[in-house]
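Open the model in a viewer with the sequence panel alongside. The stops below are meant to be selected in turn.

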Amino acid sequence: MTEDSTDLFDDLFARRVVPVLVPMPAPKAYSYVVPEGMAVEPGSIVQVPLGPRQVLGVVWDGAEDDAVDPKKLKAITRAFDCPPLARDMRAFLDWVATYTVSPPGLVARMALRAPAAFDPEPMVEGLRLTDMRPERLTSARERVIAVADNGFTWTRSGLAHAAGTSSSVIDGLTAQGVFETVFMPPPPVVAAPDPDYAEPRLEGPQKQAALDLLESVETGGFSVALIDGITGSGKTEVYFEAIAATLKAGKQVLILLPEIALTASFLERFQDRFGSKPAEWHSDLAPKTREKVWRQVTEGGVRVVAGARSALFLPFENLGLIIVDEEHDPAYKQEDRVFYNARDMAVVRARIGEFPVVLVSATPSVESRVNGDLGRYKPIHLPTRFGDAALPDLGLVDMRKHPPERGGFLSPVMLRYIGKAVERGEQALLFLNRRGYAPLTLCRVCGHRFQCPDCSSWLVEHRFRGQIQCHHCGYAEKTPEACPECGTFDHLVACGPGVERIAEEVDRHFPDARTIVLSSDLMGVKRLRLELEAIAKGEADIVVGTQLVAKGHNFPMMTFVGIVDADIGLANGDPRAAERTFQLLSQVTGRAGRTGLKSLGLLQTYQPQHPVMQAIVSGDSEAFYEREINEREKALLPPFGRLASVIVAADTRADAEGHARGLRQAAPRVGGISILGPAEAPLALIRGRHRFRLLVHGRRNSDMQAFVKTMLANGPKMRGSVSVQLDIDPQSFL
């Protein structure tokens with residue numbers, strides 16, 4: 001905190017009035033009175049009255065609202081016994097709010113995700129041996145006393161387990177004064193990692209990459225390194241050395257992963273290197289665990305967190321390094337309430353905190369590649385696989401020349417190589433980025449198509465569950481037996497394949513093979529983790545999966561990967577379609593041959609000459625990036641230009657379109673910024689709400705935030721069912 005801001009807060013505190021940011025869509029902090037005897041400071045987490053309710057809040061920087069009569073101000077109800085949010089954390093939250101044009105209270109809310117952790121964790125009751133001895137000494141009691149005779153304090157259950165007795169034996173000894181009750185601090189949620197627990201396993205290229213990375217980390221201050229290494233090149237082991245150096249310096253580490261809930265293998269690799277697992281942070285954690293992690297992070301007890309994008313808003317006590325693994329992954333983009341890209345915000349948090357950040361990917365985003373080429377990021381390249389394991393041979397299956405049999409979706413070429421892998425006792429992976437059985441169901445008699453009643457999307461058949469379902473709003477109904485339009489029975493046909501249908505085709509061709517379907521809508525996180533572990537142990541022959549199979553998993557026996565529909569991501573108007581397809585297909589084919597076995601990847605395509613297909617099979621990623629970067633630069637698309645998306649939604653089409661047109665008319669005239677639309681969004685109806693989109697396009701140095709704020713301020717006020725959704729730097733164009 002600067003001297004001026006300190007003086008300002010001291011003056012406010014003397015008058016017992018402070019600004020408090022509440023986790024609601026308010027445009028600024030509210031003023032509250034500090035009761036006599038209560039001590040707060042900027043960052044203190046408090047409870048305040050807001051209307052008839054009591055809500056959480058954070059004492060913020062700056063002055064109170066002079067426009068409010070001090071006599072009308074309400075008092076802070078409670079100050080929690082919790083470390084305050086640090087100055088750099090508050091600066092980061094302010095920055096995110098300004099950049100995303102979001103209410104600062106909603107951004108602060110993301111740092112206050114565990115309200116039950118604002119009070120200290122309760123002490124744990126323990127037992128310690130005294131000089132007293134029991135009147136009668138049984139063998140069980142002797143074992144208990146022998147185990148406890150080391151001067152340590154034990155929990156009741158821990159001592160019983162260690163001595164091999166029941167808890168009743170412990171209770172009897174305690175009643176006779178053999179043990180005294182003491183209170184201990186709560187146990188850590190994870191053991192402290194040891195940077196010297198295991199020797200790093202690094203080879204020539206990895207050793208040099210680790211030295212280059214350590215040079216950035218140990219120099220201190222803000223820096224961005226981009227580790228660009230092919231799949232299986234040892235990127236994780238390289239950045240483990242940066243983690244070790246940060247831990248030795250006494251600082252905390254945050255590792256961001258796109259699918260932390262599914263990456264049990266990463267946690268095990270971390271434990272092998274550091275002797276303990278990192279604390280996890282993701283939406284599937286049990287509430288009690290989340291509270292413990294949040295509290296111990298703020299107090300500095302947790303040294304390393306591996307988490308999803310929301311972990312970026314944990315209030316670390318002394319954060320010294322952020323790792324963003326798979327930095328290209330779309331999962332880092334949040335598209336709800338506060339729209340942000342965790343990769344970009346991680347760089348901002350590191351800059352504000354003046355510490356290093358490391359971005360990692362086998363297929364970096366175009367934005368990161370350009371930043372590396374321009375010297376903004378330090379590029380660290382790993383060109384070969386760890387242990388000299390060979391990359392898979394890659395080939396294209398031209399579906400025009402080698403079509404599947406009638407009613408099927410797998411080319412005879414694909415089926416032949418699946419069979420060879422299974423015969424050798426190895427594994428095959430078939431990838432299709434479509435959940436369910438079929439993306440569309442229609443009636444062969446009248447042509448009726450089953451569409452969601454609340455969205456402009458088709459209902460996807462899920463044959464395993466006997467349902468047709470909307471993947472946008474969750475609407476589901478039992479799979480019908482007859483057409484609701486013409487009433488005809490037995491004439492409904494599934495159009496196109498989903499993973500369930502591909503699995504059905506695989507079972508038909510390979511009835512003796514152990515086939516497993518991996519899809520997020522078939523099972524919960526725990527079940528998925530078990531299935532992934534089973535695959536890694538070789539307990540499946542053929543795996544059919546969606547994009548979650550591309551998330552960095554290591555399947556030692558996987559020697560064949562088949563892409564069922566390589567063209568699927570290219571058939572839309574997304575300016576990142578080619579990049580996304582290249583990244584996803586490269587990541588999937590990279591699952592093969594990671595332990596040195598000869599491997600093959602085949603891509604079924606109707607566009608074998610497409611630059612994405614040619615770049616993948618040739619292994620010439622540089623040519624792809626060069627072409628994609630040139631195309632972006634010509635069109636002034638990110639990172640050479642800027643985009644902002646404005647989605648207007650309402651219960652009626654007329655209201656949505658009218659409000660969107662009003663915003664367009666209110667847009668300021670600014671050189672270098674243009675506005676497209678309004679037009680119906682590609683998904684024009686979601687959850688019964690009609691959607692129109694405006695797309696703002698500007699040069700790289702354009703003040704997009706000021707433009708959008710002026711447009712919203714001068715435009716029509718939101719009335720009735722109208723809502724406006726703003727996304728700076730959009731990743732989705734639906």
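Residue numbers start from 1 along each chain as its sequence is written. This is a predicted model, in which local features need pLDDT of at least 70, side-chain atom pairs count only at pLDDT 80 or more, and totals for chains, interfaces and linings use all residues, while side-chain values use heavy atoms, with hydrogens and water left out.

**Stop 1: the seven-stranded sheet**

Helices (H or I, at least four residues) and strands (E, at least two) are DSSP runs numbered from the N terminus. Two strands pair if DSSP finds at least two bridges between them. Select β10, β11, β9, β12, β15, β8 and β16, which in that order make an open sheet of seven strands with parallel pairing. At the edges are β10 (279-281) and β16 (378-382); each has a single partner strand, so one side of each lacks a neighbour in the sheet. Neighbouring strands are turned by 20° against each other on average, direction ignored; axes are lines fitted to C-alpha atoms, for helices over the stretch in contact, and angles run from 0 to 180 degrees between N-to-C directions.

Zoom in on β9 (residues 252-256) and β12 (residues 319-325), parallel strands joined by five bridges. Val253 has Leu321 in β12 as its bridge partner.

**Stop 2: helix α8**

Of the 14 residues in α8, 13 are buried (under 20% relative accessible area; exposed is over 50% and partly exposed in between, with a 1.4 Å probe and protein chains only). After the helix comes Gly250, whose phi is positive, near 80°.

**Stop 3: aromatic pairs**

Rings of Phe, Tyr and Trp (its six-membered ring) pair if their centres lie within 6.5 Å; planes under 30 degrees apart count as stacked, over 60 as edge-to-face and the rest as tilted. By this rule there are 15 aromatic pairs. Select Trp95 and Tyr99: the ring centres are 4.9 Å apart and the planes at 10°, so this pair is stacked. Both residues belong to helix α2 (residues 87-100), four residues apart, and are separated by about one helical turn. Trp95 is partly exposed, at 28% relative accessibility.

Next take Phe240 and Phe274, whose ring centres are 5.5 Å apart with planes at 75°, so this pair is edge-to-face. The pair links distant parts of the chain, with Phe240 in α8 and Phe274 in helix α9 (residues 264-274), 34 residues apart. Phe240 is buried at 3% relative accessibility, and Phe274 is buried at 1%. Show Tyr239, Phe266 and Phe270 as well: with Phe240 and Phe274 they form one aromatic cluster.

Which residue lies over the face of Phe274? Select Arg273, at 4.8 Å from the ring centre. A charge sits over a ring if NZ of Lys or CZ of Arg is within 6 Å of the ring centre and within 35 degrees of the ring normal. Arg463 also has its charged end over a ring, that of Tyr437, 3.7 Å from the centre.

**Stop 4: strand β26**

Move to β26 (residues 558-563), where six of six residues are buried. Five bridges join it in parallel to β18 (residues 427-431), and Phe431 is bridged to Ile563. With β27 (residues 600-605), β26 pairs in the parallel sense over four bridges; here Ile563 stands opposite Leu603.

**Stop 5: the four-stranded sheet**

Finally select β29, β30, β28 and β31, an open sheet in that order with antiparallel pairing. Ten bridges join β28 (residues 641-650) to β30 (residues 689-699), and the partner of Ala649 in β30 is Arg691. Helix α19 (residues 653-666) packs on the sheet, touching β28, β29, β30 and β31, with its direction at about 20° to that of β30; contact means heavy atoms within 4.5 Å. Buried residues of α19 include His659 and Leu663.
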